[in-house]
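I opened a new notebook page for this one. These are my entries, in the order I looked things up.

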Amino acid sequence: MTDAIRPDRRATGLSHVFWALVYSALLIGVTFFMKHNSVQGPALWAIALLPSLPVAALMWATWRSIRNSDEYLRALQTKRLVCAAGLAMFVATAWGLLQNLGAAPALDPLFAYPAFSFAYGLMCLVVKDAR
């Protein structure tokens, strides 16, 4: 077996990096725009939803990657995603309770996607077997 990354895995990785960069750029751009402009009504909702579009695209790319994988890689990827979602929900729930009890500072909900992404990256390092 070679150390080279398979072309389909490379494409998936590049897609994830691309959509993460688009998400970051839109989040920064929308935040900057809204701090310097007064927008109301439906336009406000449309602008606020912009950073969510790359998240949806990233989930689509992940689904496409899983769909095009063999059954072992599909099981491994699914296990990693479930573990990452569980870790992110555990941390969010614990932090939310601590926040409600006044023991932790408030965190912006925008941290949910980066927290999940971090948890997924961690699971890719930790979960090496589909069993």
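Before anything else I wrote down my accessibility words: buried means under 20% relative accessible area, exposed means over 50%, and partly exposed is in between, with a 1.4 Å probe and protein chains only. I have to remember that this is a predicted model, where local features need pLDDT of at least 70, side-chain atom pairs count only at pLDDT 80 or more, and totals for chains, interfaces and linings use all residues. Residues are numbered from 1 along each chain as its sequence is written, and side-chain values use heavy atoms, with hydrogens and water left out.

**Entry 1: helix α2**

I started with Ile47, which lies in helix α2. Helices here are DSSP runs (H or I, at least four residues), strands are E runs of at least two, and both are numbered from the N terminus. Is Ile47 buried or exposed? Ile47 counts as buried because its relative accessibility is 17%. Next I looked up what touches Ile47, taking contact as heavy atoms within 4.5 Å. Leaving aside neighbours within four places in sequence, I found Val30, Phe33, Met34 and Val39 in contact with Ile47. Met34 is 13 residues from Ile47 in sequence, and their C-alpha atoms are 8.7 Å apart.

Ala48 is also in α2, which covers residues 41–49. Ala48 is partly exposed, as its relative accessible area is 48%. I checked Ala48 against Phe90 too: 42 residues apart in sequence, 27 Å apart in space, C-alpha to C-alpha.

**Entry 2: α3 and α4**

I checked helix lengths next, with an expected span of 1.5 Å times one less than the number of residues. α3 has 16 residues and reaches 23 Å from first C-alpha to last, close to the expected 22 Å. α4 has 30 residues and reaches 43 Å, close to the expected 44 Å.

Two packed helices are described by the angle between their axes and the distance between the axes. So where do α3 and α4 stand? Their axes come within 9 Å and cross at roughly 145°. The axes are lines fitted to C-alpha atoms, for helices over the stretch in contact, and angles run from 0 to 180 degrees between N-to-C directions. On the α3 side I noted Thr62, Ile66 and Arg67, and they meet Arg74, Gln77, Thr78 and Leu81 in α4.

The buried residues of α3 include Ala61, Thr62 and Ile66. In α4 the buried ones are Leu76, Gln77, Arg80, Leu81, Ala84 and Ala88, and what covers them includes α3 and α5.

**Entry 3: helix α5**

I ran the length check on α5 (residues 112–126) too: its 15 residues should span 21 Å, and its end C-alpha atoms are 21 Å apart, which agrees. Which residues of α5 are buried? I listed Tyr113, Phe116, Ala119, Tyr120 and Met123. They sit on the same side of α5, because they cover an arc of only 125° around the axis; the arc is that of the directions from the helix axis to the C-beta atoms. An α-helix has 3.6 residues a turn, so residues three or four places apart point the same way. The face turned away from the buried side of α5 carries the exposed residues Phe118 and Leu125.

**Entry 4: the salt bridge**

How many salt bridges does the structure hold? I counted 1, using a side-chain nitrogen of Lys or Arg within 4 Å of a carboxyl oxygen of Asp or Glu. Arg131 and Asp129 form it, at 3.0 Å from N to O. Arg131 counts as exposed at 78% relative accessibility, whereas Asp129 counts as partly exposed at 27%.
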